[in-house]
Amino acid sequence: MNYRIFLCCLVAAMSGHAAEVTVDSHEGLVAALRAAGPGTTIRVAPGTYRGGHHVAGLSGTAAAPIVIEAADEADPPLFSAERGGSEAFHLSGCSHVTLRRLRVSGFPSNGINADDGGAAATGSEGLRFERLSIENTGPTGNHDALKLSGLDRFAVTDCRFAGWGGSGIDLVGCHEG
């Protein structure tokens, strides 16, 4: 575990100030996600990472979203099923979170999954998916590149989807997208 990253995020969360953290390992990303609060930007260094990042209840605000993005736009990180996990990210009951400039490949379930965590009344809102590349999801059946369920006021912009079993984007019970 990279304790420097964890302490930086913890201090920022406790002080109420936005933090920018760069991670370069699976453990660093897990620690940064656990410590993230409104205004946190998690920048993922180039490289290949495992999937299986199930994140529940992560919430920024409309004015201070939590952003998970490539540290280097010219060399975005690759989340690969070859390293582990059935999907790259599963955001459950999260609000005001942005995934930006990430590559996802080869996951057998879904590339990225986001849902309301079973709380349709409160739902998940303000999620943004920007400039993602998701490929080779499945291989067949109901396995989607981007699966969205129960989201409100969300955006999918400038993304690239190639090779999926079910849908490029599967929207179930989503509003104002």
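Author: A residue is called buried when its relative accessible area is under 20%, exposed when it is over 50%, and partly exposed in between (1.4 Å probe, protein chains only). The model is predicted, so local features need pLDDT of at least 70 and side-chain atom pairs count only at pLDDT 80 or more, while totals for chains, interfaces and linings use all residues. Residues are numbered from 1 along each chain as its sequence is written, and side-chain values use heavy atoms, with hydrogens and water left out.

Reader: Why is E130 called buried?

Author: The relative accessible area of E130 is 12%.

Reader: What makes the contact of E130 and R128 a salt bridge?

Author: The term requires a side-chain nitrogen of Lys or Arg within 4 Å of a carboxyl oxygen of Asp or Glu. The N to O distance between R128 and E130 is 2.6 Å, which is within 4 Å, so the pair qualifies. R128 itself is partly exposed, at 34% relative accessibility.

Reader: How do you know that E69 and R100 form a salt bridge, and which parts does the pair tie together?

Author: The closest N and O atoms of E69 and R100 are 2.8 Å apart, so the pair passes the distance test. E69 lies in strand 5 (residues 66-70) and R100 in strand 8 (residues 97-100), so the pair ties together parts 31 residues apart in sequence. Strands here are DSSP runs of E, at least two residues each, numbered from the N terminus. E69 is buried, with a relative accessible area of 6%.

Reader: What is the distance in the salt bridge of R131 with E73, and where do the two residues lie?

Author: The closest N and O atoms of R131 and E73 are 2.0 Å apart. R131 lies in the loop between strand 12 (128-130) and strand 13 (133-137), and E73 in the loop between strand 5 and strand 6, so this pair joins parts 58 residues apart in sequence.

Reader: Why are R131 and E73 called partly exposed?

Author: R131 has a relative accessible area of 36% and E73 stands at 49%.

Reader: How many salt bridges does the whole structure hold, and which residues are linked in a network?

Author: The search finds 13 salt bridges. The network links E20, R43, E69, E73, R100, R101, R128, E130 and R131.

How values were computed:
Helices (H or I, at least four residues) and strands (E, at least two) are DSSP runs, numbered from the N terminus.
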